[in-house]
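User: Please take a close look at one part of this model, the contact between its chains. Please also describe the packing of helices that goes with this part.

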Number of protein chains: 2
Amino acid sequence: MTMRRDQLRWNGWGRLGESMGLSPARERWLLDELGRRLEHRFSTPPALVSLDQIRLAPCKIAVEIQSALRAACGDAGFSTSALERVTHAAGRSLPDLLRLRRGELVYAPDAVAYPASEGAVASVLRIAADANLAVIPFGGGSSVVGGVEARTLRGQAGALCLDTTRLDALVRIDRDSLTATFQAGIDGPALEAALRPHGLSLGHFPQSFEFSTLGGWIATRSSGQSSSGYGAIEDMLVAVRVVTPEGVIRTLPAPRSAAGPDLNALVLGSEGTLGVVVEATLRVHDAPAVLEDRGMLFRSFSDGAAAVRDATREGVHVAVMRLSDTAETELARTLRRDPERRFDPAEIALGLLARMGYGEGRTALVYAIEAESRRKAAPALRRMLSIGRRHGGVPLGRAPGRAWRRDRFRTPYLREWLLDHGIAVDTFETAFSWSRLEHGHDAVLRAMRRAAELHAGSGVAMAHLSHSYTDGGCLYFTLLYPLDHGNEIVQWEAIKREVTEAIVAAGGTLSHHHGVGVDHQPWLAREKGALGLAALRAARTALDPRGLMNPEKLL
Amino acid sequence: MTMRRDQLRWNGWGRLGESMGLSPARERWLLDELGRRLEHRFSTPPALVSLDQIRLAPCKIAVEIQSALRAACGDAGFSTSALERVTHAAGRSLPDLLRLRRGELVYAPDAVAYPASEGAVASVLRIAADANLAVIPFGGGSSVVGGVEARTLRGQAGALCLDTTRLDALVRIDRDSLTATFQAGIDGPALEAALRPHGLSLGHFPQSFEFSTLGGWIATRSSGQSSSGYGAIEDMLVAVRVVTPEGVIRTLPAPRSAAGPDLNALVLGSEGTLGVVVEATLRVHDAPAVLEDRGMLFRSFSDGAAAVRDATREGVHVAVMRLSDTAETELARTLRRDPERRFDPAEIALGLLARMGYGEGRTALVYAIEAESRRKAAPALRRMLSIGRRHGGVPLGRAPGRAWRRDRFRTPYLREWLLDHGIAVDTFETAFSWSRLEHGHDAVLRAMRRAAELHAGSGVAMAHLSHSYTDGGCLYFTLLYPLDHGNEIVQWEAIKREVTEAIVAAGGTLSHHHGVGVDHQPWLAREKGALGLAALRAARTALDPRGLMNPEKLL
C-alpha cells in the first residue's frame, strides 16, 4: 500500500508531527497580528478527542458478507478495525476537521476493502450489490466537499468503503506517444516517482498532491497548481477504465475522437457515483530541468489580472501564475516577516515601492516557468517581464516564487495550527469569465466579510487568481474567522451558505476544482439545470441501477 | 436566411456553376494520369437525373399539423415543396451523391420547418411530439456520414426536417472575456463576417466551412483546418443552449467548472439525437493580420511526422500543419503541373532534390503561421524551420502554402468533376496515438488498395496527417476508384466496410471529425463499449423519451 494511513493524522491534515514550520517567535507575531485583525481574544478550544475515545456503532455487515469481501481482497485487504473505519470516515474540509477534533464520526463506514486488482474491484461491487451495501470509493480521502462521507440510502444494509490505494502500479509507458498508464489508486508522489526514471512528469500538483490519488483527480475534475502550463486533469486524460456495478467502461486511447459524445467527460467529475476508476492513460511530458520561480508586484488587482490574462492569451508557456489580491498580499507579507529581524531589506524595498504607487492596493504575482534548460526558459521569462511591465508590474526577483514553491504543500498545516488557536480557515473557489471577475471578486469578498461578521463577529477575507484562461479565471477565496466553540458546524453552515449563494449569484461556477460532494449539492441544479441533472442521473442509473455508488453525493 | 439553397447544387457539392477551376488542358492531363494509375478506361456515367424528374412520395404530415407548424414558423418558414424536400434529403457523402445523381431519394423528409427563434424551435418539437413525427435537425446539410437522412422509427407518422439556418444572429460579443455568442444556425462565412468588424475571428475552418453551421459543428464534434492553432470546436465552446423535447439544456458561461461531469461534452457529438443546438458562446481571438503559409519537403513520411510531432510538443503556435504522404504528395504534384508549360522551375528543383535523397519517398508539409504582425510571426517561423531541419526538411517557400490556402474549400468540386468521369472519391479519417500511427497508416492504405482492387479493379490510395496532438495525430485518407455503374452503392458499401474494419482493427478511432451518423454506427460499440453506449442512450432517453430526435443516427 502506497499510503501509510497509520502515519497520517486521523483527525487533521497530513503527516503526524509535520507542521508549517514557523518559529515560536513567528507564531506569536502571527497570532498577535490575526488577533488584532479579527478583534478576537483567543479562547482555548476544547481538548482534542483521542482515537481510543471514539465510539463507533457496531459493524452492520453480516459475517458471511465480510468473509466474501475478505476472500475477494485477501486478509490484509479487508478490515473492520476502528482505526480503518475512523481514517475512512471523513474528508478534510473544515467541517470534517471540526467534527473529527470533537470525535464526532457521523458517517464512518462499516468496513474498508482494499481490492488489489480490477477483478477484485468488480468482485467487491458484486458482493456489495448482493448484500445491498453502499460503496464509497476512497483514494487519498482529501475531499473538501464531503465527497467521501460513508452515507447510505434508506434501506441499504451498510456502507463499505472501497480504498483504491493498493491499485498503485505503473502499467506502461508509451514513449512514442508520450503517455503513461497507471492504476488509479496511485498517489501523487508515487506517480511522479514512477515517471522520474523515464525523464517524464505528469505535472499535476493539486494542493492535496501528497495525499490524493489519480482516480480521485479524475473523479473530481481536479486542477493543479501547474495547470496553467500542463492543463487540468481533463486535458491530461487520454483513456480510462471504470468498474461500474453493471460492468466495465473503457475508453479508447486515441488523441481525439468525433465518434459521439466523449465518455471520458462523463467519468471526469462523476465523483464515484458511476463506479470506481481503476486505470487511466495520461499525457505526460519531459520533466523540466529548470524551474524559474519569480515574483512581480502590481499597483492593483486589476493591473495584475490584466497581465495574467494577456500572458494566457498570448500563449506564454507559464506553469504557474498566482496573483494574490491586496488582502492576501498583505497577509503573505505578515507571514513572511521575521519579527526577530530588525533589518529587513524586503521591507525597506516595499517601503520605497509604496512611494512609487505600489502601496495600499498592491498585489503580488508569483509565476513559474519550467523548461528543459535556462536557455529555453529565457524567452518566456522575457515575455512575462514585458507583459508585466505593460501593466505597471515591477519584478520582485526569485524570492517570492521560491517561498511559494517551498511552502506549496505546507499551508494546510497552518490551518491545523490556527484551529488549535480557535481560528477557522475556510476556502471557496469559483471561476468567472473576465467580464464578471472583478465584480465577482468584490461581491464574494463582501459576502464573506458580512457572513463572518454576522456569524463570527469578524473575519479576514482574501483571494487569489489561481488559474487563468483566455475567457476567464479561477478565484480562490480564503476566510479566517473566530470559531464559536460548541456551535462550530452551525456557524460554518451559515457562512458556507451565504458565500456560496454570493458566488452563484455573481455568475461564478459552483466549483472550479473542489467538486460538489454533499456541500455544494444544494446549488448544483442552479448550474446544470434540472434537465441537465436529469440527463446525468439517467446515465448514472444505467451504470448503477440500484444506487450503490457513493450515495447522496453529487447528483 | 443566410444560406440560399436555390443557389446550391441539389445533387452535388457547393454552389451552382462553381468548380475546381482547372483549365481544359489540365483536366485532360489529370484524366490521362488518373486513367494510367487506375488502369481504367473512362466509361461515360449515366446522365444526371434532373430535379423535375424526381418522384417524391406524398407528404405524410396531416394538414392540421402542417398548419400548426406554419403558425409556429411563419408562412415563409414552412414548406412541403419538392425543392425543399429534395435539398433536405441527404448529406454530401459519396453514397449521398451517387444516389442523388441517379435521382434516388430514399430518405426525403415530408416537410421542412425553419423556426426563427428558440421559442419556435420548442414549438416545432412540441407539435412534432404530439403528431408523432421524427425531427431531423439540419444546418448546412454537409454531413458525410448520413447524419441528416430523414429516417423514422417504426410507428412514427412522418419525418420533419428542422432547418436551423434562420437562427443566424450574432447575439453578443464579450470583449473582456474574448467570447462571442451566436445563434447556432449561422454558417461559417456569416459567423466570420459578423466577427470581422470587431477585429475578431473564431478560426474554425472545416472543409465544409462555407456550407456548414455552428450548431452542426457542435453536434458533430467538428475539427477544422486551423484546429492545430485555435483548437477544435470542443476547445472553443464555453456554453450552449439546446432545445430538447423535454425542455432546454443550458450550460454556464464559465471558463472551467468541476461541478460534476461537463454537460457541454454531452452535447458535443450528440448529432441531433438529444435536441437542437440553438445558441452557443465561443472563445474567439484577435483576427490575425498576417498569414504566413509555407511548405517543406521531407525524405519520408516518418521524418515529416516527427517534425510535426515535435512542433506540437514544443508548443509552436502553428495554425495549420498538413503533411501529405508520398502518394498524396505525388498526386498534388500532378494536380499542380501545367501541361502547357515547358519550362517549370518547380519541376527542375524537384529533380535536383531527388538526387539529394528527396526522391521516391518524399512527403510535403504545408504549414501556416498566423499572427498580429510579421514581427510576431517570425519566432514561430524560425522555430518551424529549425524543427524541420532537425528531421531533414528542406523549405519549399511560400508557393505550396499559398496553393493550399487558395484551394482549401475548392477540392470538393474536384470530386464532382471526377464523378462526372466515372471516378469515385471517398475519404476515411481516424486518429492514432503516435506509437500506432505508422502501422495504422500502412494497414489502412493496404486495406484501401485491397478493397479497391477487389471491388473496383484498381484504386489510388493516399493520406495526410491533418491534425497533430502531443500523443497522436489524425490521418485523413483519400481513395480514388473506378465506379461500377449500376452497382455503385453495393461497391461503396463493401469498400467502406473493409476500410473501416481496418481502421478499428489498427486501434484508430472510428472518426476523428466526420462523426458517426448511420455510416459509422455499426462500429460504434467497438469504440464506446456496450456499457458506454448504454449510458449515452439513457441520457438521450431522459431528454427525448419518445425518440423524436434524429432517429437511427449515432446511438
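Analyst: Copies are superposed by least squares on the C-alpha atoms of residues with pLDDT of at least 70 in both. On that basis, chain B is brought onto chain A by a rotation of 180° with 0.0 Å of shift along its axis, at an RMSD of 0.0 Å. The two copies are thus related as by a two-fold rotation axis. Both copies use the same surface, for 100% of the contact residues of chain B recur in chain A.

The model is predicted: local features need pLDDT of at least 70 and side-chain atom pairs pLDDT 80 or more, while totals for chains, interfaces and linings use all residues. Residues are numbered from 1 along each chain as its sequence is written, with chains lettered from A and ligands numbered from 1 in the order in which they are written.

Chain B gives 72 residues to the contact, and chain A gives 72 residues (C-beta atoms, placed from the backbone, within 7 Å). On the side of chain B that touches chain A, at least two residues each come from β8 (237–244), β9 (247–250), α10 (263–267), β16 (423–433), α17, β18 (472–482) and α19 (524–543); these elements are DSSP runs numbered from the N terminus, helices being H or I of at least four residues and strands E of at least two. Helix α19(B) contributes the most to this side of chain B, with 14 residues. By class, the side of chain B that touches chain A holds 33 nonpolar, 27 polar and twelve charged residues (Ala, Val, Leu, Ile, Met, Phe, Trp, Tyr, Cys and Pro are nonpolar, Asp, Glu, Lys and Arg charged, the others, Gly among them, polar).

Helix α19 also meets its counterpart across the contact. The axes of α19(A), residues 524–543, and α19(B) come within 7 Å and cross at roughly 145° (axes are lines fitted to C-alpha atoms, for helices over the stretch in contact, with angles from 0 to 180 degrees between N-to-C directions). From α19(A), the residues involved are A:Leu531, A:Ala534, A:Ala535, A:Ala538, A:Ala539, A:Thr541, A:Ala542 and A:Leu543. They meet B:Leu531, B:Ala534, B:Ala535, B:Ala538, B:Ala539, B:Thr541, B:Ala542 and B:Leu543 of α19(B). This contact of α19(A) with α19(B) comprises 14 nonpolar, two polar and no charged residues.

Helix α17 of chain B supplies at least two residues to the side that touches chain A, and it also packs within its own chain. There, α17(B), residues 434–456, lies against α18(B), residues 488–505, at an angle of about 160°, the axes being 9 Å apart. On α17(B) the contact is made by B:Ala443, B:Val444, B:Ala447, B:Met448, B:Ala451, B:Ala452, B:His455 and B:Ala456. On α18(B) the partners are B:Gln491, B:Ala494, B:Ile495, B:Glu498, B:Val499, B:Ala502 and B:Ile503. This contact of α17(B) with α18(B) has twelve nonpolar, two polar and one charged residues.

A further pair in chain B is formed by α2(B), residues 63–73, and α5(B), residues 118–131, which pack at about 170° with axes 9 Å apart. Here B:Ile65, B:Ala68, B:Leu69, B:Ala72 and B:Cys73 of α2(B) make the contact with B:Ala120, B:Ser123, B:Val124, B:Ile127 and B:Ala131 of α5(B). The contact of α2(B) with α5(B) consists of nine nonpolar, one polar and no charged residues.

How values were computed
Two residues are in contact if their C-beta atoms, placed from the backbone, lie within 7 Å.
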